[in-house]
Amino acid sequence: MPKPTPKLTHLDPKGRPAMVDVSGKAVTAREARAECRVRFPADVARQLRASGLKSAKGGIVETAIIAGTMAVKRTYELIPFCHPLPIDGCRFSIDWNGDSTLRIECSVRTTHRTGVEMEALTGATVAALTVYDMCKALSHRIVLGPAKVLGKRGGRHDFGAT
């Protein structure tokens with residue numbers, strides 16, 4: 001039997017935008033992991049490595065983690081059809097990936113009726129934006145992205161690694 005064609009979930013029967021009704025879904029443990037990368041010009045990367053990722057504004061990694069965590073908790077205020085979720089846990093990993101790219105990873109956990117992919121993506125991208133903000137005095141040639149979901153667990157469709 002062929003799989004049904006996937007359909008957009010945030011549309012009502014008349015094609016208008018709508019929040020998904022999750023009231024009929026089971027409450028389960030859910031987790032998602034996302035990443036965003038920050039690529040620096042080579043000279044800026046060397047300068048940041050030499051400073052231990054510290055700037056005149058403070059610790060770059062520490063500030064990005066705080067900003068990303070705040071964003072995870074407020075995702076529903078930023079993305080119109082996201083549900084407000086109780087966040088059970090949120091963790092960041094920020095480290096060099098090659099000579100001039102920082103890799104920011106955000107893992108989010110909840111026990112609820114809907115997943116936390118958007119929260120993980122929001123945390124990773126806001127952390128990347130914070131890195132940009134703290135480093136833009138060195139260069140405006142800093143590039144953000146790609147941002148992507150690496151995996152999710154819980155609910156009907158699991159994929160990737162969490």
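User: What makes the charged end of Arg49 count as sitting over the ring of Trp96?

Analyst: In this predicted model, the charged end of Arg49 is 4.3 Å from the centre of the Trp96 ring. The rule asks for CZ of Arg within 6 Å of the ring centre and within 35 degrees of the ring normal. Arg49 is therefore listed as sitting over the ring of Trp96.

User: Why is the pair of Phe40 and Trp96 called tilted?

Analyst: A search of the whole structure finds one aromatic pair. Phe40 and Trp96 form an aromatic pair with 5.9 Å from centre to centre and 55° between the planes. Centres must lie within 6.5 Å, and planes under 30 degrees apart would be stacked, over 60 edge-to-face.

User: How do you know whether Phe40 and Trp96 are buried or exposed?

Analyst: Buried means under 20% relative accessible area. Phe40 has 3% relative accessibility and counts as buried. Trp96, with a relative accessible area of 18%, is buried as well.

User: Why is the contact between Arg141 and Asp43 called a salt bridge?

Analyst: The closest N and O atoms of Arg141 and Asp43 are 3.8 Å apart. The cut-off is within 4 Å, so the pair qualifies as a salt bridge. Arg141 is in the loop between H4 and strand S6, while Asp43 is in helix H1, 98 residues apart. By this rule the count comes to 10 salt bridges.

User: What makes Arg141 exposed but Asp43 partly exposed?

Analyst: Exposed means over 50% relative accessible area, and partly exposed lies between that and the buried limit of 20%. Arg141, at 55%, therefore counts as exposed, whereas Asp43, at 41%, is partly exposed.

User: With which residues does Asp133 form salt bridges?

Analyst: Asp133 forms a salt bridge with Lys57, the closest N and O atoms being 3.8 Å apart. Lys57 lies in the loop between strands S2 and S3 and Asp133 in helix H4, so this pair ties together parts that are 76 residues apart in sequence. Asp133 also forms a salt bridge with Lys136, where the closest N and O atoms are 2.6 Å apart. Both distances are within the 4 Å cut-off.

Note on methods
Residues are numbered from 1 along each chain as its sequence is written. This is a predicted model: local features need pLDDT of at least 70, side-chain atom pairs count only at pLDDT 80 or more; totals for chains, interfaces and linings use all residues. Side-chain values use heavy atoms; hydrogens and water are left out. Rings of Phe, Tyr and Trp (its six-membered ring) pair if their centres lie within 6.5 Å; planes under 30 degrees apart count as stacked, over 60 as edge-to-face and the rest as tilted. Buried means under 20% relative accessible area, exposed over 50%, partly exposed in between (1.4 Å probe, protein chains only). A salt bridge is a side-chain nitrogen of Lys or Arg within 4 Å of a carboxyl oxygen of Asp or Glu. Helices (H or I, at least four residues) and strands (E, at least two) are DSSP runs, numbered from the N terminus.
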